[in-house]
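Subject: The structure we talked about

Hi,

Here is the structure I promised to pass on. Have it open while you read, and I'll walk you through what turned up.

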Amino acid sequence: MSKPASATGAGRPLPKAPTGITGLDEITRGGLPRGRPTLVCGSAGCGKTLLAMEFLIRGATEFDEPGAYITFEETGEELAQNVRSLGFDVDALVADGKLVFDHIHVDRREIEEVGEYDLEGLFLRIGFAIDSVGAKRVVLDTMESLFSGFSDMAVLRSELQRLFRWLKDRGVTTVITGERGDGTLTRQGLEEYVSDCVILLDHRVQEQVSTRRVRVVKYRGTAHGTNEYPFLIDEQGISVLPVTSLGLAHTVSDERLSTGIDRLDTMLGGKGYYRGSSILVSGTAGSGKTSIAAHFVDAACRRGERCLYLAYEESPHQIVRNMRSQGIDLQQWIDKGLLHIEASRPGFYGMEMHLAVMHRLVRKFDPGLVVVDPISNLASAGTADGAGSLLLRMIDFLKSSSITAMLVNLTSGGKSQEATDIGVSSLIDTWLVVRDIEVGGERNRGLYVIKSRGMKHSNQVREFLITDNGIQLEDVYIGPEGVLTGSLRLAQEARARAEAVEQQQQRERRQRELERRRAALEGQIAALRSEFDAIEEEARIVAEQGLVRDRARLQDRAAAEALRGADRVEE
Amino acid sequence: MNEPAQAAADAETWELRLYTAGQSPKSVAAFQNLKRICDEHLKDRYTIDVIDLMQNPRLAREDQIVAIPTLVRRLPDPLRKIIGDLSDTERTLVGLQLRRRD
């Protein structure tokens with residue numbers, strides 16, 4: 001009988017126990033090694049206890065695997081208290097018999113060692129805890145306290161070795177926490193006993209910004225992510241940010257979204273942005289970038305889409321108030337639950353953490369549009385070299401989720417308008433630049449489209465006006481005096497209008513004159529006509545008189561002839 | 001010599017508890033050693049309660065038992081714990097405060 005290849009071990013996947021912790025299962029490719037111990041180590045306050053606790057709670061609630069929490073430091077009540085603030089109802093789980101706590105406390109001061117002993121009591125207690133709930137998952141937090149409780153290290157070490165073997169034999173998935181030592185993973189060398197999986201947690205402060213990171217140091221018999229991944233602890237527990245190594249395989253949409261500004265739609269091929277594209281709006285301070293974003297948000301909410309606005313400069317109230325002055329009521333969308341403005345200080349935590357927060361918010365809120373205002377501030381939260389790759393991940397993440405991203409970038413005045421500080425321009429599909437045009441003692445705004453992939457877009461600079469009714473784009477005046485904006489444009493337009501009026505008047509004057517001349521000619525024609533008529537009349541009268549006279553003469557002659565009785569004379 | 005600990009010990013009944021795990025050699029040795037020491041130093045003034053954690057693991061919680069065997073002096077106050085097979089009589093007496101540490 002030939003065994004299938006997968007059963008020989010090479011291709012057989014290691015059985016794993018999913019942790020249920022967001023992101024951790026991704027980097028461990030499915031969870032912790034089932035039925036084996038995993039060491040979670042790190043310095044004080046790095047989140048070991050929480051990770052262990054969440055592993056148990058999620059096991060009990062999501063995977064129907066009861067858990068036993070053996071604590072050597074805090075009491076079970078203290079632990080329950082700590083995680084209750086994270087929204088885990090530990091008491092209910094304990095009452096349901098899905099979770100059990102045992103606090104093992106060893107106080108050296110009240111113990112005298114006389115003769116030989118072993119730690120069978122520890123085994124019995126752990127065994128009892130496991131049996132009482134039928135635990136599949138066990139946490140030992142932090143065993144190192146035992147090292148201060150006993151003086152016979154040889155006994156302790158051999159007993160620990162026996163303990164881990166025993167736990168393996170019982171088939172429970174175990175998490176052992178350990179304090180980070182100087183130059184070693186754990187102070188007491190616990191990693192010697194746990195050879196299957198070691199996870200290192202780290203809480204680092206770099207340039208006064210703290211970031212939590214997790215790394216799978218070793219995971220025997222399986223592939224795993226080897227990088228350091230930032231993670232986050234908040235009211236939903238831990239979430240690890242798997243740094244996606246995205247290919248460029250995301251699907252794209254042909255759907256077009258209105259920018260919320262009519263003229264801008266026409267500039268972008270008449271229809272606006274593509275859905276799921278990344279839009280960069282860059283410009284100097286006060287050039288109206290946020291307004292462009294607000295218009296887009298407003299338009300999206302009008303379509304009934306959900307929008308997530310990550311503000312790193314202004315508070316939600318401030319944004320709502322400022323946009324109201326332009327006639328955009330964002331509050332109504334917030335009230336309807338379509339818009340969520342998340343404001344935080346860029347320096348509040350590291351860039352990775354911002355990304356982790358964004359991940360979580362996107363997962364929770366499921367938006368169609370994400371606005372980041374501004375990305376330049378975000379970059380100041382971390383080191384400059386990390387910022388670029390981080391934004392890449394952010395954009396990648398949004399793209400792969402088919403979420404339209406609008407990134408606002410504040411450029412500093414001295415630099416070229418076309419350079420982004422963080423160098424993300426190559427990832428951007430549509431890039432709008434708002435620049436100030438300083439001419440004639442004023443500063444006016446101009447807007448143009450640097451690029452817009454996959455659509456015909458205008459190459460024109462438009463003057464960008466922020467009015468009570470939102471943004472308006474006007475043609476700039478291009479004349480013999482160059483490109484004019486603002487009041488110069490208005491003056492130029494007024495001049496043009498005056499010229500037009502003048503021309504109109506001239507035309508009217510000329511028309512009137514011609515009319516007059518025509519009327520005069522008509523008068524002359526009428527006079528001549530009447531003269532002509534008079535002459536004609538006279539001629540007719542003359543002719544008539546001649547006829548009458550001839551007739552009379554003939555009559556007279558006939559009468560005379562009759563009188564004379566003369567013979568006929570032919571005339 | 002009339003030591004204070006000795007004086008206090010004389011007045012009361014001693015309540016001792018020995019935690020064992022089945023009939024392991026260490027547990028058996030501890031019980032025998034304890035019995036011998038008590039007969040010698042606390043004649044008729046002691047009770048020994050042997051608790052087999054194999055039978056009743058839940059009882060390990062109350063006295064925070066980790067090592068086996070563990071002897072707990074419940075009375076007189078204060079609570080004392082001695083772990084090991086009690087093979088060293090002198091140190092056991094010190095641990096039980098029946099003899100001052102020299």
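Helix 9 (residues 289-302) of chain A lies across a whole row of strands of chain A, including strand 15 (278-283), strand 16 (307-311), strand 18 (369-373) and strand 19 (404-410). Helix 9 of chain A runs at about 165 degrees to strand 18 of chain A. Do keep in mind that this is a predicted model.

Now for the sheet in that part of chain A. It is an open sheet of 9 strands with mixed pairing, in the order 17-16-18-19-15-20-21-22-23. At its edges are strand 17 (339-343) and strand 23 (470-475) of chain A, each of which pairs on one side only. From one strand to the next, the twist averages 25 degrees. Ile466(A) stands opposite Ile471(A) in strand 23 of chain A.

Next, go back along chain A to helix 2 (residues 48-62). This helix has 15 residues and reaches 20 Å from its first C-alpha to its last, close to the 21 Å expected at 1.5 Å a residue. Is helix 2 of chain A mostly covered or mostly open? Mostly covered: 12 of its 15 residues are buried. Among them are Leu51(A), Met53(A), Phe55(A) and Ile57(A), but also Lys48(A), Glu54(A) and Arg58(A). Just after helix 2 of chain A, have a look at Asp64(A), which takes a positive phi of about 55 degrees.

Why does Ile27(A) count as buried? Because 21 other C-beta atoms lie within 10 Å, and the cut-off for buried is 20 or more. Ile27(A) and Gly225(A) are 198 residues apart along the chain, yet their C-alpha atoms are separated by 4.9 Å.

On to chain B. It has 3 helices and 4 strands, and along the sequence they follow the pattern α-β-α-β-β-β-α. Of its 102 residues, 31% count as buried. Among contacts in chain B with a separation of 6 or more, 65% come from residues 24 or more positions apart. Helix 2 (residues 25-41) of chain B lies across strand 1, strand 2 and strand 3 of chain B, at about 165 degrees to strand 1 of chain B.

Finally, where do the two chains meet? 21 residues of chain A are in contact with 28 residues of chain B. On the chain A side, the elements that give two or more residues are strand 6 (111-113) and helix 5 (120-133), and the largest share, 7 residues, comes from helix 5 of chain A. By class, that side has 9 nonpolar, 4 polar and 8 charged residues.

The chains also share an open sheet of 5 strands, in the order 6(A)-4(B)-3(B)-1(B)-2(B), with mixed pairing. Strand 6 of chain A and strand 2 (46-52) of chain B each have a single partner strand, so one side of each is left without a neighbour in the sheet. Across the chain boundary, strand 6 of chain A pairs with strand 4 (residues 80-83) of chain B in the parallel sense over 3 bridges, and Glu113(A) stands opposite Ile83(B). Within chain B, 5 bridges join strand 1 (residues 14-20) to strand 3 (residues 70-75), which run antiparallel.

Cheers

Notes
Residues are numbered from 1 along each chain as its sequence is written. Chains are lettered from A and ligands numbered from 1 in the order in which they are written. This is a predicted model: local features need pLDDT of at least 70, side-chain atom pairs count only at pLDDT 80 or more; totals for chains, interfaces and linings use all residues. The expected span of a helix is 1.5 Å times one less than its number of residues. Two residues are in contact if their C-beta atoms, placed from the backbone, lie within 7 Å. Ala, Val, Leu, Ile, Met, Phe, Trp, Tyr, Cys and Pro count as nonpolar, Asp, Glu, Lys and Arg as charged, and the others, Gly among them, as polar. Two strands pair if DSSP finds at least two bridges between them. Axes are lines fitted to C-alpha atoms, for helices over the stretch in contact, and angles run from 0 to 180 degrees between N-to-C directions.
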